[in-house]
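Please consult the sequence and the model shown here while reading.

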Amino acid sequence: EQVAQFRPLACLIDIFMDKKEGLSTIRDIYRLADKPKVIAVSADPMYLDMSRDLGADASLRKPIPFDVLQSVLTQLEFGQVDGPLHRPHGLPLQTS
């Protein structure tokens with residue numbers, strides 16, 4: 001509801017949230033006509049893979065260094081990637 005109301009350019013979605021599960025939230029976001037970029041975050045690589053299968057534009061493994069988040073946001077904003085971004089913590093940024 002808030003995504004539809006505020007229309008952000010990007011959403012940082014934690015897979016495990018208090019009120020609603022993150023994978024379900026990603027599905028709901030992609031039903032919107034004006035959908036933001038979705039960055040999924042989790043400590044569990046299995047859930048990051050699932051988020052990419054659902055269409056997340058990026059997936060980042062926690063903990064996320066600020067410079068990594070900033071780099072991903074910049075790449076998504078300026079369309080510098082052709083596919084989703086996936087960066088397991090400690091590994092170089094990869095496109096998939």
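At 22% relative accessibility, Asp-14 counts as partly exposed, a class that lies between buried (under 20% relative accessible area) and exposed (over 50%), computed with a 1.4 Å probe on protein chains only. The structure is a predicted model, in which local features need pLDDT of at least 70 and side-chain atom pairs count only at pLDDT 80 or more, whereas totals for chains, interfaces and linings use all residues. Residues are numbered from 1 along each chain as its sequence is written, and side-chain values use heavy atoms, with hydrogens and water left out.

The side chain of Asp-14 meets that of Lys-62 in a salt bridge, with N to O at 2.9 Å; the term requires a side-chain nitrogen of Lys or Arg within 4 Å of a carboxyl oxygen of Asp or Glu. This pair links distant parts of the chain, since Asp-14 belongs to strand E1 and Lys-62 to the loop between E3 and helix H4 (66-77), 48 residues apart. Lys-62 is partly exposed, with a relative accessible area of 33%. Helices (H or I, at least four residues) and strands (E, at least two) are DSSP runs, numbered from the N terminus.

E1 and E2 run parallel and are joined by 5 bridges; two strands pair if DSSP finds at least two bridges between them. The bridge partner of Asp-14 in E2 is Val-41.

## Nonpolar cores

Which residues make up the largest nonpolar core? It has 10 residues: Val-3, Cys-11, Ile-13, Ile-15, Leu-23, Ile-26, Ile-29, Val-38, Ala-40 and Ala-56. Such a core is a set of buried Ala, Val, Leu, Ile, Met, Phe, Trp, Tyr and Cys residues joined through side-chain atoms within 4.5 Å. E1, H2 and strand E2 (37-42) each supply at least two residues of this core, and H2 gives the most, with 3 residues. Apart from it lies another core, of 8 residues, among them Val-41, Ala-58, Val-72 and Leu-76. In soluble globular proteins, nonpolar side chains tend to be buried together.

## Other salt bridges

The count comes to 4 salt bridges. One of them joins the side chains of Asp-34 and Arg-7 (3.0 Å, N to O). It links distant parts of the chain: Asp-34 is in the loop between H2 and E2, and Arg-7 in the loop between helix H1 (2-6) and E1, 27 residues apart. Asp-34 is partly exposed at 46% relative accessibility, while Arg-7 is exposed at 55%.

Arg-52 forms a salt bridge with Asp-49, and their closest N and O atoms are 2.8 Å apart. Both residues lie in helix H3, 3 residues apart, about one turn of the helix. Arg-52 is partly exposed, with a relative accessible area of 23%, and Asp-49 is partly exposed at 34%.

Asp-57 lies in the loop between H3 and strand E3 (58-61). This residue is buried yet has no salt bridge, and the nearest side chain of opposite charge, Lys-37, is 4.3 Å away. Lys and Arg count as positive and Asp and Glu as negative, with His and the chain ends not counted.

What does the side chain of Asp-57 contact? It makes a polar contact with the side chain of Tyr-30 at 2.8 Å, and it reaches the backbone nitrogen of Val-38 at 2.8 Å. A polar contact is a pair of N or O atoms within 3.5 Å; within protein, one must be able to donate a hydrogen and the other to accept it, and residues adjacent in sequence count only if both atoms are side-chain atoms.

At the start of H3, a side-chain oxygen of Asp-44 reaches to within 2.8 Å of the backbone nitrogen of Met-46. H3 is followed by Gly-55, whose phi is positive, near 110°.

The structure holds 1 aromatic pair. Phe-16 and Tyr-47 form this pair, which is edge-to-face, at 4.9 Å centre to centre and with 80° between the planes. Rings of Phe, Tyr and Trp (its six-membered ring) pair if their centres lie within 6.5 Å; planes under 30 degrees apart count as stacked, over 60 as edge-to-face and the rest as tilted. Phe-16 lies in the loop between strand E1 (10-14) and H2, and Tyr-47 in helix H3 (residues 45-53), so the pair ties together parts that are 31 residues apart in sequence. Phe-16 is exposed, with a relative accessible area of 52%.
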